[in-house]
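Below are a few notes to read beside the model.

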Amino acid sequence: MANTSTTNPSFQVMAAMRRALRILRRSSLLSALVIGVVGFVSVGGGLALASFAISERQAQQTTVVFGPETYWILIPPALAWFLLISLAHTLAAHAAARDLQSRRIGLADSWAACWRHWLPVSAILIVVTLLAALGIILLALPGVAVLLVFALAAPSRVIDGVPLRKTFEHSLRSVVGGGWPLVGYLFVATGMVILLFSGLYWALTELSWALMLAQADRAGGAFQYGAFYVTALILQMALIALAPLVLGVISAAAYAELKAGRGEEALSDVFD
């Protein structure tokens, strides 16, 4: 049974940041795998949507080819992406557990961790997302507070095997016990990652549109900017894949640093 004690935790912001960077560096292979899977799903969904739009345009001879009646086409890619977000958070927490144990991050044990924990992690993320959305609708601050106080729920499940029904209470106690340094780390690091990735994605989107408009001005012919367009598309897919992984590492590193401050190791034995 996992020890879920959260008494007198010691949280060091710089140590957590170094741990997060170390986890990202050591899990580069897993990052590449997540990028590949998410990229495949995203590109496939994009191609399906483009094909549907083109066929509708040809059949109806109208520029209005996407509306409420066609939104269903986005459901499968959205579900697949949510699943991959869960896998990314699970992989991040597993990597943090390995880091606590000073053990190598292996491919086989990583996928074993995903197989065992992706469903509980998905449930945690669904609950947190719904609560945060409700809080943001009512007032922005409660939504942000929900994301902060429950940020350690998924890592606690993967790293310590905390029962699903107790992960939210455990996360709340851990965040409150960690105090303002932990809250500040989660808020600032998460915000910086979101702003950075959003800015890069926006820049690549603008570049893609510029290349398409430049091609349209040429009135047909071979796609002169094909290599640049494909490169921009690949980088966009990489950003989509890396964002949830990095966000997951931020939370997992914080939880691991709390445990390290208490002199504890990862308690979950799923990887052994």
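In which helix does Met-17 lie? The second point below takes this up, after a word on the model.

1. Ground rules. This is a predicted model, in which local features need pLDDT of at least 70 and side-chain atom pairs count only at pLDDT 80 or more, while totals for chains, interfaces and linings use all residues. Residues are numbered from 1 along each chain as its sequence is written, and side-chain values use heavy atoms, with hydrogens and water left out.

2. Met-17. This residue lies in helix α1, which spans residues 13-26. Met-17 has a relative accessible area of 40%, so it is partly exposed (buried is under 20%, exposed over 50%, and partly exposed in between, with a 1.4 Å probe and protein chains only). Glu-257 is 240 residues from Met-17 in sequence, yet their C-alpha atoms are 9.4 Å apart in space.

3. Overall make-up. The protein has eight helices and zero strands, taking DSSP runs of H or I with at least four residues as helices and of E with at least two as strands, numbered from the N terminus. Of its 272 residues, 43% count as buried. Among contacts (heavy atoms within 4.5 Å) with a separation of 6 or more, 76% join residues 24 or more positions apart. The protein exposes about 14700 Å², and carbon and sulfur atoms supply 71% of that area, computed by the Shrake-Rupley method with a 1.4 Å probe.

4. Helix α6. Do look at residues 153-160, which form α6: eight of its eight residues are buried. Among them are Arg-157 and Asp-160 as well as Val-158 and Ile-159. Gly-161 follows α6 and has a positive phi, near 65 degrees.

5. α4 against α6. Helix α4 (residues 107-138) packs on α6 at an angle of about 160 degrees, and the axes are 9 Å apart; axes are lines fitted to C-alpha atoms over the stretch in contact, with angles from 0 to 180 degrees between N-to-C directions. The pair is therefore roughly antiparallel, the term for angles over 145 degrees. From α4, the contact is made by His-117, Pro-120, Val-121 and Ile-124, and from α6 by Ala-153, Ala-154, Arg-157 and Val-158. By class, that contact has six nonpolar, one polar and one charged residues (Ala, Val, Leu, Ile, Met, Phe, Trp, Tyr, Cys and Pro are nonpolar, Asp, Glu, Lys and Arg charged, and the others, Gly among them, polar).

Conventions. Angles under 35 degrees count as roughly parallel, over 145 as roughly antiparallel, 65 to 115 as roughly perpendicular and the rest as oblique.
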